[in-house]
Amino acid sequence: MSINLKVKKRWAIYSLGLGFAYAAFGTLGILAGFSQTYGFNLVPPEVGTALIYPDAFGGIMLMIIGVIFLFGVRPQWRGAGEGASFLVVGAFLSAVFFAVYIAIMLSHAIGFAAFNIAPAPYAEIMADWAEWTWMNDLRSCIWLFAFATPSLQLALRLWKAR
Amino acid sequence: MKAKEVIGEDAEIALADARYDAIGKILETALVRGERKWAASDILDKVFLNKYVGIPAFLALLWAVFQFTFEASAPFMGLIEMLFAGLSNAAAQIPNDIIASLLADGIIGGLGFILTFAAPIFFMFLALSLLEDSGYLARAAFVFDRIMNKLGLHGRSFIPLLLGFGCNVPAIMATRSIEGTKDRLITILTIPFMSCAARMPVYILIAATFFASNAATAVWSMYIIGIVVAILFALLLRRTVLKGEPSPFIVELPTYKMPTLSGTLLHAWERGAAFVRKAGTYLLAGAVLLWLLSVLPWGVAAGSADSLIGQIGQAIQPVFAPLGFSWQIVSSLIFAFLAKEILVESLGVIYGVGGEADIQAALLASISPVSAFALMVFTLLYVPCLATVGIIKKETGSWRWTLFAMVSEVLVAYLAALAIVMVGGIFI
């Protein structure tokens with residue numbers, strides 16, 4: 001498959017944007033996680049966990065995805081084919097994290113349903129999900145994936161051209 | 001005379017070179033080259049085998065596996081717990097006190113409690129099967145070979161080490177593919193540091209109790225600590241008792257494949273079902289034995305300090321006092337030598353409480369969060385289960401090495417746990 005340089009440069013700019021977005025929300029997640037651990041909230045509660053989830057390790061994982069996107073920027077800008085690999089794998093990893101958090105959301109929904117269906121003495125076992133709403137499980141890696149989906153188009157084109 | 005001395009290089013490398021030379025010559029005559037196309041494997045390997053981002057990508061995927069394992073399985077653990085709570089209530093209605101206690105406190109309290117962990121074990125194997133069936137795990141071995149070789153270790157060791165994530169016994173048997181005696185021995189001695197599925201219930205119980213919002217990360221850290229300790233221990237052996245150069249690692253990477261739903265479910269089922277089978281045999285026998293020790297001599301309160309299990313735990317507890325472990329935990333650690341899951345089972349029997357929430361409350365009252373993390377690390381590193389010790393003896397053919405493995409692992413575990421308590425004490 002041959003992709004002209006202009007298109008590759010567009011992909012490079014796109015990778016740069018995605019890389020910065022993942023790295024930025026990852027960094028904010030790390031800072032929010034640490035600040036919460038040490039008793040002060042760097043991120044105001046009004047911002048909401050859906051935007052910045054206070055989880056240091058989760059933030060590190062978002063940063064890793066961001067760095068992978070950023071690694072592909074220079075080679076794509078120069079027109080080297082290998083640059084697309086970083087975009088494809090970055091998109092793959094973001095899809096994995098999206099799928100994992102959607103699975104977690106669905107499973108917690110089952111917990112919520114079980115709490116509401118089970119008879120009184122046993123429902124207490126499922127009390128952890130008594131006040132569950134889907135917003136509780138909405139993480140930045142879920143909505144960030146929406147921005148990464150166009151890169152799956154490139155992955156598909158490369159896959160078809162094997 | 002060794003082949004290396006005759007041909008001037010390692011026989012394995014010479015054979016691989018000759019094989020690829022022959023393949024090259026055949027291709028030159030038979031293949032008409034077209035435009036160079038990138039295969040899907042080339043695209044993915046450019047990143048997954050990259051020297052800078054290959055290992056972070058592996059760590060991120062492994063973290064996703066444990067996030068999925070821990071978070072997604074939790075409601076299913078609750079559903080299984082509800083089932084056993086119903087059975088326990090029914091058993092408590094039996095008029096004969098001894099039979100009612102055996103069923104409610106021993107079998108359901110111990111075995112029923114451990115069976116709730118079937119859910120995360122199935123989820124973990126489901127996720128690991130996806131990675132394995134896609135062809136990715138072989139890449140992980142290749143990426144780590146670079147580090148291992150720099151440390152003077154054998155890259156081929158990484159595949160049995162990865163198998164150790166499932167169960168240490170087949171992982172040790174898989175070392176038969178390693179040719180050098182020293183390389184093989186080093187791998188056998190380091191595999192028990194890899195966190196097998198049997199340790200998962202212990203991690204989940206402790207992590208959920210003490211590290212609620214970071215529980216999945218705490219579980220993930222055990223796997224990372226296991227890999228790091230295994231590499232450092234292998235390095236120590238290589239520099240001391242098993243000196244020598246590692247033989248080279250040659251691996252043909254499989255192409256990536258899209259895992260099939262049926263294949264992945266089948267692999268996860270085969271491995272997860274082994275846990276349920278174990279629960280029906282060893283762990284059932286363990287639950288009955290633990291119950292007996294917790295109610296003997298007759299007349300004492302079940303699981304109390306006056307029971308046999310209490311006396312054993314109290315006799316050894318002073319050794320573990322610097323780690324902050326109570327006698328209940330020490331007793332559980334002793335019996336966990338039979339199988340690591342028994343640690344959780346025995347906590348259920350000793351504390352004599354029903355359900356995860358009650359055991360969590362008892363644990364919170366018993367040890368500090370730092371000691372709890374030290375307990376997770378101790379469980380990860382200390383002497384492997386009876387079956388693993390048996391296979392170490394069989395594969396090394398030596399009681400000396402078997403004893404060395406047991407003693408060194410207890411020492412490493414104790415020192416690592418002590419370091420955590422000392423360093424953690426400064427911050428918390």
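**Entry 1: R19(B)**

I started at R19(B), which sits in helix α2 (residues 11-30) of chain B. Helices here are DSSP runs of H or I with at least four residues, strands are runs of E with at least two, and both are numbered from the N terminus. The model is predicted, so local features need pLDDT of at least 70 and side-chain atom pairs count only at pLDDT 80 or more, while totals for chains, interfaces and linings use all residues. Residues are numbered from 1 along each chain as its sequence is written, and chains are lettered from A and ligands numbered from 1 in the order in which they are written.

Is R19(B) buried or exposed? I note it as exposed, because R19(B) has 11 C-beta neighbours inside 10 Å. The cut-offs, with C-beta atoms placed from the backbone, are 20 or more other C-beta atoms within 10 Å for buried, 12 or fewer for exposed, and partly exposed in between.

**Entry 2: chain B overall**

I find 21 helices and zero strands in chain B. Of its 428 residues, 49% are buried. Among contacts with a separation of 6 or more, 75% join residues 24 or more positions apart; a contact means C-beta atoms, placed from the backbone, within 7 Å.

**Entry 3: α4(B) and the side facing chain A**

Helix α4 (residues 54-91) of chain B has 38 residues. From first C-alpha to last it reaches 53 Å, close to the expected 56 Å, which is 1.5 Å times one less than the number of residues. I marked a kink of about 45 degrees at A74(B), shortly before the proline P75(B); the bend is the angle between axes fitted to the seven residues ending there and the seven starting there.

Next I checked the neighbour: 29 residues of chain B are in contact with 33 residues of chain A. The largest share of chain B's side, 17 residues, comes from α4(B). By class, that side has 20 nonpolar, five polar and four charged residues. Ala, Val, Leu, Ile, Met, Phe, Trp, Tyr, Cys and Pro count as nonpolar, Asp, Glu, Lys and Arg as charged, and the others, Gly among them, as polar.

**Entry 4: α6(B) with α13(B)**

Last, I followed helix α6 (residues 118-134) and helix α13 (residues 261-280) of chain B, whose axes come within 8 Å and cross at roughly 140 degrees. Axes are lines fitted to C-alpha atoms, for helices over the stretch in contact, and angles run from 0 to 180 degrees between N-to-C directions. The contact includes F122(B) and F125(B) of α6(B) and H267(B) and R271(B) of α13(B).

Definitions and conventions. Contact = placed C-beta atoms within 7 Å.
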